[in-house]
Amino acid sequence: MKGIAILGSTGSIGLSTLDVVARHPQEFELIALSANKDVAGLRRQCHEYRPKYAVMADAGCAAALRAELCQELPGTRVLSGPEGLAEIAAADETDYVMAAIVGAAGLLPTLAAARAGKRVLLANKEALVMSGKLFMDAVIEHGAELLPIDSEHNAIFQCMPVNYRDGLTRAGVSRILITASGGPFRDYPLEHLADVTPDQACKHPNWSMGRKISVDSATMMNKGLEVIEACWLFAATPDRIQVVLHPQSIIHSLVEYVDGSMLAQLGNPDMRTPIAHALAWPERMESGVKPLDLFQIGRLDFTQPDPVRFPCLRLAFAAVAAGGTATAVLNAANESAVAAFLEGRIRFTEIATVVEATLDEIPASTADSIEIILDADRQARGEAANIIGSLSA
Ligand code: NAD
Ligand code: MG
């Protein structure tokens, strides 16, 4: 039996993880569940899965959940705050940690899991974007196993040769091709892009996801974050990574070899495939995902992303080239801008404006410690708030 802690169990990835785990009751035991503020949702999950721990990031919500569960489920300990999240990530009973909190809030508990030498199932790409080198160093130093959940990176991982950590050149890999659907606005009239609503932006053609990542997919900042994520996971330089628009979302990414081979991973767009892959690795197990019907799909298309429509992609490549804290600044500015867009305070097209202006204001420094990274994150959020204020005034 492997003990699992889920960071963010009430979210989209959290729910898919629970679905996969429930199909294999002999293999996995749910040790800990967690959420930000959804007391009713986490309470329901506790009744269904009877975990040893339940964590609410918000202290007031934790108190409310504790008051309810102390009578109903005395076997479940309710913890709170970032400390509680770090505690379940590093607990002795925990073997695998699903890192599925959205945004920078996921960084510290995910890092705690790596430092405790756990198998880390990484959905929270923002953690790696913020602290790539530090995080990868912690994985190696503490003997953690890092398995990508992001569908593209999981696909790349599946197509990589076993010795890819020795360096891509030595492993015979020439390029990584990351596919992208282009989101809901791939063909939307450019002149009307400034007027799209949050609900339009969250209506992804192929995937059902949380609101933040849905907006990131619409701007293609998601793909930018994924390019950065791929650089760290596979020790790749950005010039070896190509983004390919592939509207059907059937090929989840590809690896090109020096001998002319290109390996791809295909499947229906359903996150339960990468989740099951990472849980079972190096073996395979059922996920509940329908097999792919190639005759029904019929054709697969590929085009280059339009740089005018998707400026966030360029900003992400620029940040990874600048290095150090630049990617943490990019991430923080983007989180602030997406939140402002979802609250109706800025336009869709101003997300890129905020990110670019924040990157211009805050010089990149080396990202040698978690304190430096968190400080860059704070500074960027302050700067972004000023820029958002001036745009919405
Ligand atoms: P979501 O918004 O559906 O869920 C987020 C989860 O994190 C919820 O359980 C929420 O309670 C919790 N949370 C939010 N803020 C928190 C905080 N401050 N402290 C503690 N917990 C907090 O998001 P999602 O779509 O499941 O995405 C989660 C992560 O996985 C993101 O980093 C996203 O980029 C990545 N990801 C998601 C998908 C997908 O299909 N949804 C695919 C690839 C990668
Ligand atoms: Mg992805």
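**Salt bridges, domains and local geometry**

Colleague: To start with one residue, what is the relative accessible area of Glu 87?

Modeller: Glu 87 has a relative accessible area of 36%, which makes it partly exposed. Buried means under 20% relative accessible area, exposed means over 50%, and partly exposed lies in between, with a 1.4 Å probe and protein chains only. This is a predicted model, in which local features need pLDDT of at least 70 and side-chain atom pairs count only at pLDDT 80 or more, while totals for chains, interfaces and linings use all residues. Residues are numbered from 1 along each chain as its sequence is written, chains are lettered from A and ligands numbered from 1 in the order in which they are written, and side-chain values use heavy atoms, leaving out hydrogens and water.

Colleague: Which side chain does Glu 87 meet in a salt bridge?

Modeller: Its partner is Arg 77, at 3.6 Å from N to O. The pair ties together parts that are 10 residues apart in sequence, because Glu 87 lies in helix H4 (residues 81–90) and Arg 77 in strand E4 (residues 77–80). Helices (H or I, at least four residues) and strands (E, at least two) are DSSP runs, numbered from the N terminus. Arg 77 is partly exposed as well, at 44% relative accessibility.

Colleague: How many salt bridges are there by the rule?

Modeller: The count comes to 24. A salt bridge here is a side-chain nitrogen of Lys or Arg within 4 Å of a carboxyl oxygen of Asp or Glu.

Colleague: What about Lys 223 and Glu 152: how far apart are N and O in their salt bridge?

Modeller: The distance is 2.8 Å. Lys 223 belongs to helix H10 (residues 221–233) and Glu 152 to helix H7 (residues 151–159), so this pair ties together parts that are 71 residues apart in sequence. Both residues are buried.

Colleague: And which residue does Arg 347 meet in a salt bridge?

Modeller: Arg 347 meets Asp 195, with 2.8 Å between N and O. The two are 152 residues apart and link distant parts of the chain: Arg 347 sits in the loop between helix H14 (326–342) and helix H15 (350–361), and Asp 195 in the loop between strand E8 (173–180) and helix H8 (198–201). Arg 347 is partly exposed, at 42% relative accessibility.

Colleague: Which residues do salt bridges with shared partners join into one network?

Modeller: The network consists of Lys 125, Asp 150, Glu 152, Lys 223 and Glu 226.

Colleague: Changing topic, what domains does the assignment give?

Modeller: It gives domain 1 (2–148), domain 2 (156–268) and domain 3 (323–392). The bounds come from an automatic or database domain assignment.

Colleague: How much area do domain 2 and domain 3 bury between them?

Modeller: About 1300 Å², with 77% of it on carbon and sulfur atoms. Buried area is the accessible area (1.4 Å probe) that two parts lose on being put together, summed over both. In domain 2, Ala 194, Lys 212 and Met 221 lose the most area to domain 3, together 33% of what that side buries.

Colleague: How many residues are in contact there?

Modeller: On the domain 2 side 18 residues are in contact with 13 residues of domain 3, where contact means heavy atoms within 4.5 Å. One salt bridge is counted between these domains.

Colleague: Which helices supply the domain 2 side?

Modeller: H8, helix H9 (211–219) and H10 each supply at least two residues of the side that touches domain 3. H9 gives the most, with six residues.

Colleague: Which peptide bond is cis?

Modeller: The one joining Trp 281 and Pro 282, where omega is about 5°. Pro 282 is found in the loop between helix H11 (272–280) and helix H12 (294–297).

Colleague: What is the phi of Met 220?

Modeller: It is positive, about 70°, although Met 220 is not a glycine. Met 220 lies in the loop between H9 and H10 and is buried, at 2% relative accessible area. Ala 235, also not a glycine, has a positive phi of about 45°. Ala 235 is exposed, with a relative accessible area of 57%, and its place is in the loop between H10 and strand E9 (241–245).
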